Amino acid sequence: MLLVIDVGNSNIVLGIYHEERLVKDWRVSTDKFKTADEYGILFHDLFRLAGIGFSDVKDIIISSVVPTLTGVLEKLSRQYFEITPYVVGPGIKTGMPIHYDNPKEVGADRIVNAIAGYEKYKTALIIVDFGTATTFDYVNKKGEYCGGAIAPGLMISMEALFQKASKLPRVEIARPASIIAKNTVNSMQAGIFFGYVGLVDGIVQRMKGEGKESPKVIATGGLASLIAPESTTIESVDEFLTLEGLRIIYRRNK
Ligand SMILES: Nc1ncnc2c1ncn2[C@@H]1O[C@H](COP(=O)(O)OP(=O)(O)O)[C@@H](O)[C@H]1O
Ligand SMILES: CC(C)(COP(=O)(O)O)[C@@H](O)C(=O)NCCC(=O)O
Ligand SMILES: [K+]
């Protein structure tokens, strides 16, 4: 079995692949202060509950946008699984040319998403990932990574509003019944939800205008399923796009 690990700024997502099939996935909070031993215990409990042993894992691949945790998870892999993990970054073959001023600067998760999306659709693509930040990535017809955009995520936008305005409460991110809201909670939901749908569709439309290839638009990440139904540009949601990309990159480097 292959263990794939995607370290985001909010969550670490783990997946177990048996051949091409994702047989189990878990989501745990990202905590920059947790040690390899603490994550080791957490993973051990999750594995045990699922009836999977650490010794069933034959290889590990990690993608991380939290540098302090990359080393922690490498250490955990070595100490608890006796495996030297693949880490997406310099030295890893992706099979995708990266057109970024400094290719090392692009978040590993963005590259992994781009590879998964292109492998699946073999066409020009825009990938929207609703994480801590919302990322937009453009892959052209030839399968080259062309760059994209980074916007503040839904949750952190909401947090900023709540933290900076004394009279505004913390509210659930949800679609309110009306855009002309009649109370504070619904007004905030209207601004955040419909504002965000506008942000997403606006960026995607502009990217389409610049790219001129009629790319397919796909979405992933924690809050994709909330925004996608209202968006006029997102065509499908793929919850496990990043995990799938890790499996593909592993195969290319094995
Ligand atoms: N299934 C879910 N339902 C609702 N909110 C979620 C879900 N998964 C993640 N979130 C929230 O969405 C935000 C982004 O999460 P995630 O996609 O895991 O981000 P990252 O990749 O940056 O770690 C976080 O604030 C998280 O709490
Ligand atoms: C943009 C990101 C913060 C998104 O991370 P996430 O929201 O998934 O936690 C991450 O991909 C990152 O740190 N990127 C490096 C900068 C760049 O891609 O140009
Ligand atoms: K992510």
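Two residues count as being in contact here if their C-beta atoms, placed from the backbone, lie within 7 Å. By that rule, and leaving out residues up to four places away in sequence, Tyr-196 touches Leu-154 and Ile-227. Keep in mind that this is a predicted model.

**Tyr-196**
- You'll find Tyr-196 in helix α5, which covers residues 184–211.
- Tyr-196 has 24 C-beta neighbours inside 10 Å, so it counts as buried, the cut-off being 20 or more.
- Ser-157 sits 39 residues away from Tyr-196 in sequence, yet their C-alpha atoms are 9.4 Å apart in space.

**Helix α5**
- With 28 residues, α5 reaches 40 Å from its first C-alpha to its last, close to the 40 Å expected at 1.5 Å a residue.

- Five strands make up an open sheet with mixed pairing, in the order β8-β7-β6-β9-β10.
- At the edges are β8 (145–152) and β10 (236–237), each pairing on one side only.
- α5 packs on this sheet, touching β6, β7, β8 and β9, and its direction makes about 20 degrees with that of β7.
- β9 and β10 pair in the parallel sense over two bridges; Ala-219 has Val-237 in β10 as its bridge partner.

How values were computed:
Residues are numbered from 1 along each chain as its sequence is written. Chains are lettered from A and ligands numbered from 1 in the order in which they are written. This is a predicted model: local features need pLDDT of at least 70, side-chain atom pairs count only at pLDDT 80 or more; totals for chains, interfaces and linings use all residues. Helices (H or I, at least four residues) and strands (E, at least two) are DSSP runs, numbered from the N terminus. A residue is buried if 20 or more other C-beta atoms lie within 10 Å of its own, exposed if 12 or fewer, and partly exposed in between; C-beta atoms are placed from the backbone. The expected span of a helix is 1.5 Å times one less than its number of residues. Two strands pair if DSSP finds at least two bridges between them. Axes are lines fitted to C-alpha atoms, for helices over the stretch in contact, and angles run from 0 to 180 degrees between N-to-C directions.
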